[in-house]
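I opened the notebook to record what I looked up, one topic at a time, and in what order.

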Amino acid sequence: MKLITNGIKGTEDILPAQSYKWQFVEDIMRSQAKVYGFKEIRTPVFEHTELFNRSVGDTTDVVQKEMYTFETKGGESVTLRPEGTAGAARAVLEHGVYNDGYPIKAYYLTSCYRYEKPQKGRQREFHQFGMEVYGAPSYFADAEVICAAHSIFERLGVRGLSLEINSIGCAKCRAEYHKALREYFESKKDKLCDTCLSRLDRNPMRILDCKSPVCSEIAKEAPTVLDYICDECREHFQGVKGCLDAADIHYTVNPGIVRGLDYYTRTVFEFVSSDIGAQGTVCGGGRYDGLIEELGGQHTPSLGFGMGIERLLLLLEAQGIEIPAPPVCDIYVIGIGDKAKMKAFNIIEGVRNSSLIAEGDIVGRGIKAQMKYADKIKAKFSLVIGDTELEENKAKLRNMVNGSEKVVPLDDNFFNEFYAAYVENNNTSLLEQLELMK
Ligand code: ATP
Ligand code: MG
């Protein structure tokens, strides 16, 4: 049969046999978010296009080239989110979350959409874990989010990531820097790409982020922002570095990092790996003190980061980091004949009620094929119920790992007997047992 269509270019399906890897990584992200005091925020996949034009910035690659924008049947322009910050900031403002007091600490795990050339580490639909803090001017906040991102890499056992940081100053000192940049790029005008030419007037810093080889070569010799930042920004940056030193987190100052989105101010940072090819930035973030104002709110110093989950998984694979395999079936129950099948069905449901994994035939396989299947899925135990077992109200519980057998009752005591064998077989700790019984 010919499929009516394929998945869209630049998207990936996460199939049942692979999803445990995603869940493992996501669980660590959620658990680190929890210990850092962040709560989840979920926002819609699409927003009014204006939100991204205003926040991400209409001179950025994301807005100029990469957004999935379309007109709805009602004639509104909407855009699939290219990143998570704008929607989160919009929601915080719209619902007056700031009335609960500052700081607001939120995290998201979400899909993003960018019309880019698909390649390794670059897709059109990808996923980000992100953390956002609103109402936190202190450099301890910058250190906190960098430490939080770092802690995720640590828990995953990722090695060799370099943390690169920079300060791109505030609106005040940026004016001076823009002037210097304009002067520099004016002199190279004839070599710049068309997009950068149009950025020269409005936002010359964007040229530093251009991916074209010619522009990026020119950008290498451009004036560096650190020579232009004001005393307050310099002090703030010192503070961030001091905290990272205190936390024993190694970093390098890279004046070339300006980040691809307009809303950044002061601290910007990236975690970069050399193990996954050209798309080596696994996490990028920084401070965006002007964003909330840009969206119509009060001045609210804020910051955050986005971490690409696909790139992180590529990194785990490249470094040979094993992700624990998902749990296998604890017991496979086979019923022979209609009555026994119903008994099996009841037993299976009973085991599931106690949070263990139980399965039975729903395909219509014969007994032999079911045995084979139980083997294939590596079930820890099996139980066969036939006429005799029904009559005697007991059956043989078979340990599929070592082949040993034990007769267990098929009444209310079944679970206790099975569980005793299960614990013995799995060497389950008391703590895990309590967890299971919850
Ligand atoms: P790049 O320079 O690689 O294009 P970016 O600066 O556009 O990255 P951000 O907007 O900072 O990326 O997004 C945060 C993170 O999301 C990136 O560091 C990366 O891990 C991930 N990411 C961004 N774009 C993509 C994409 N198209 N496919 C997969 N992951 C992506
Ligand atoms: Mg990009």
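Over the face of which ring does R365 lie, and at what distance from the ring centre? I found R365 over the face of Y373, at 4.2 Å from the ring centre; a charge sits over a ring if NZ of Lys or CZ of Arg is within 6 Å of the ring centre and within 35 degrees of the ring normal. I also noted R124 over the face of Y115, at 4.0 Å from the ring centre.

Conventions, before going on. This is a predicted model, in which local features need pLDDT of at least 70 and side-chain atom pairs count only at pLDDT 80 or more, while totals for chains, interfaces and linings use all residues. Residues are numbered from 1 along each chain as its sequence is written, chains are lettered from A and ligands numbered from 1 in the order in which they are written, and side-chain values use heavy atoms, with hydrogens and water left out.

Entry on ligand 1. I listed 16 residues around ligand 1, of which R114, E116, R122, Q123 and R259 come nearest; a residue is near a molecule if one of its heavy atoms lies within 4 Å of it. For polar contacts I took pairs of N or O atoms within 3.5 Å; within protein, one must be able to donate a hydrogen and the other to accept it, and residues adjacent in sequence count only if both atoms are side-chain atoms. The side chain of R114 places an N or O atom 2.7 Å from an oxygen atom of ligand 1, and for the side chain of R311 the corresponding distance to a ligand oxygen is 3.0 Å. G308 contributes a backbone N or O atom, 3.3 Å from an oxygen atom of ligand 1. Taken alone, ligand 1 exposes 580 Å², and the protein buries 92% of that (Shrake-Rupley method, 1.4 Å probe).

Next I asked which element gives the most to this shell. Strand 10 does, with four residues; the elements giving two or more are strand 6 (125–134), strand 10 (281–287) and strand 11 (302–308), where helices (H or I, at least four residues) and strands (E, at least two) are DSSP runs numbered from the N terminus.

Entry on aromatic rings. I counted 19 aromatic pairs, taking rings of Phe, Tyr and Trp (its six-membered ring) with centres within 6.5 Å, and calling planes under 30 degrees apart stacked, over 60 edge-to-face and the rest tilted. Y107 and F129 form a tilted pair, 5.9 Å centre to centre with 45° between the planes. This pair links distant parts of the chain, since Y107 is in strand 5 (residues 104–113) and F129 in strand 6, 22 residues apart. Y107 counts as buried at 7% relative accessibility, and F129 likewise at 0% (buried is under 20% relative accessible area, exposed over 50%, partly exposed in between; 1.4 Å probe, protein chains only).

Entry on R206. R206 sits in the loop between helix 7 (194–202) and helix 8 (213–220) and counts as buried, at 5% relative accessibility. A polar atom of its side chain lies 2.4 Å from the backbone oxygen of R259.

Entry on backbone geometry. Most residues other than glycine have a negative phi, and most peptide bonds are trans. I noted a cis peptide bond joining Y102 and P103, with omega about -5°. S355 has a positive phi of about 70° although it is not a glycine, and is partly exposed at 46% relative accessibility.
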